[in-house]
Structure formats: C-alpha cells, structure tokens
Amino acid sequence: MSRVTRSGKPSEARTRLLGTATKIFYAEGIHSVGVDRIIEEAEVTRATLYRHFKGKEELVLAYLDLADQGIRAQITGAQAADAAPADNVRAVARAITEGIRSPGFRGCAFLNAVAEYPDPDHPVHRAVLAHRQWFLETVTELLGRVGMEPADAAGRHFVMLRDGAMAAGCLFDPELVGETFLHGVESLLTAGGAASRA
C-alpha cells in the first residue's frame with residue numbers, strides 16, 4: 001500500500017488516519033493524544049500508520065497543512081472579484097466569524113499547536129509561523145487595496161483582533177464574540193477611512 005493511489009489521490013487509509021488525527025488533535029490537543037488512540041479510532045494497524053507517516057510529528061505537520069489549506073480556501077472563497085476592497089475585508093471577517101460560531105469550535109488550530117510547541121526551531125512551531133506569516137501578508141494586502149496606510153500596521157491590527165476572537169470564541173458566547181470581532185474590523189476600516197471608499 002502506498003501513500004497515494006494510482007489516480008494520484010491519497011490512499012483511503014491515509015485519508016482516514018489524517019481525518020481521525022485532525023478531529024482528535026483539534027478537540028483534545030496534540031501532546032495529550034498518542035498514536036495508539038489514533039490507530040484505534042482510524043481502525044488501521046500500526047504498520048499502516050508508519051507506512052503513511054514517519055511518526056507522530058509528521059502526522060501533526062500533515063494536520064496543520066490540512067488546516068492551512070482549509071483556511072486559505074476559506075479566505076479566498078470569501079472574496080469576490082467584483083466587490084469593493086472594503087467589502088472583501090468584511091467578507092473575510094464574516095467567514096472567520098462563521099468559523100467561531102460553528103459547532104465544536106475550539107479556537108485556532110495554529111495558536112493551539114504553538115502553545116504545545118514553544119521551541120522556535122521545532123518543525124511544528126515553524127509550520128505555525130509560516131501559516132501566520134501568510135495570513136498576515138494576505139490581510140495586509142487586502143487592507144492595502146482598501147487604501148489603508150500604513151497597511152502593515154492595519155494588517156497587524158486585524159490579526160490581533162482575529163486572534164482575540166479565536167481565543168474568546170471557545171470560552172464565551174460565540175455570537176457575542178463574533179459581533180464584537182465584526183465591530184472591531186468595521187472600526188478598523190472606519191479609522192482608516194475605508195468606510196467612505198466602500
């Protein structure tokens with residue numbers, strides 16, 4: 001059995017392992033979950049796990065890569081080519097809010113992971129930083145299209161608002177947290193004069 005099928009798609013066993021690990025890592029944390037639990041819930045053998053992943057670290061990196069792909073698709077999908085730049089920023093904020101309000105929300109997978117891997121040289125920590133750099137650059141570019149100056153400061157502000165909402169969303173009323181986040185983004189746009197350009 002190989003990692004991919006002849007069609008080039010990941011094998012069913014790999015998909016099941018990664019899906020199981022993703023569900024458990026996100027809900028319960030990474031260090032608290034052993035490979036035996038993942039093997040049991042994915043209904044595969046230990047040999048199958050190691051055929052597809054060198055070890056738990058590679059499985060964790062695949063989990064974060066899957067989360068990264070999902071967030072990139074969410075952010076891209078929220079934007080419309082014919083929308084005003086400020087409306088695209090609002091659409092991205094609404095997409096984030098929908099995630100916060102979704103059943104089983106447990107915060108940001110990347111912030112959760114980095115809390116468990118504080119060593120900046122660890123591959124998991126580096127994967128988190130790479131994702132966060134992409135997100136910062138993406139929102140900074142969006143805010144730059146709105147005409148906000150300096151866009152990099154506005155981008156950092158947006159990311160901090162988002163991080164706070166992600167942390168609070170699993171602790172408090174997600175509806176209220178979502179409304180507060182959207183209000184914060186609107187205030188950011190207004191402060192930068194974007195509301196009048198929307």
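Which residue just after helix 2 takes a positive phi? In this predicted model, where local features need pLDDT of at least 70, side-chain atom pairs count only at pLDDT 80 or more, and totals for chains, interfaces and linings use all residues, that residue is glutamate 43, with a phi of about 55°. Residues are numbered from 1 along each chain as its sequence is written, and side-chain values use heavy atoms, with hydrogens and water left out.

Residues 11–71 are 79% helix and 0% strand, with end C-alpha atoms 23 Å apart, while residues 34–53 are 75% helix and 0% strand, with end C-alpha atoms 14 Å apart. Helices (H or I, at least four residues) and strands (E, at least two) are DSSP runs numbered from the N terminus.

Helix 2 covers residues 35–42, and its buried residues (under 20% relative accessible area, with a 1.4 Å probe and protein chains only) are Val35, Ile38, Ile39 and Ala42. They cover an arc of only 100° around the axis, so they lie on the same side of helix 2, the arc being that of the directions from the helix axis to the C-beta atoms. These buried residues pack against helix 1 (12–28), helix 3 (46–52) and helix 4 (56–78).

Elsewhere, histidine 125 is found in helix 7 (residues 123–146) and counts as buried because its relative accessibility is 12%. Leaving aside neighbours within four places in sequence, histidine 125 is in contact (heavy atoms within 4.5 Å) with Val114, Tyr117, Pro118, Asp119 and Pro120.

How values were computed:
Buried < 20%, exposed > 50% of the residue type's maximum accessible area, 1.4 Å probe, protein only.
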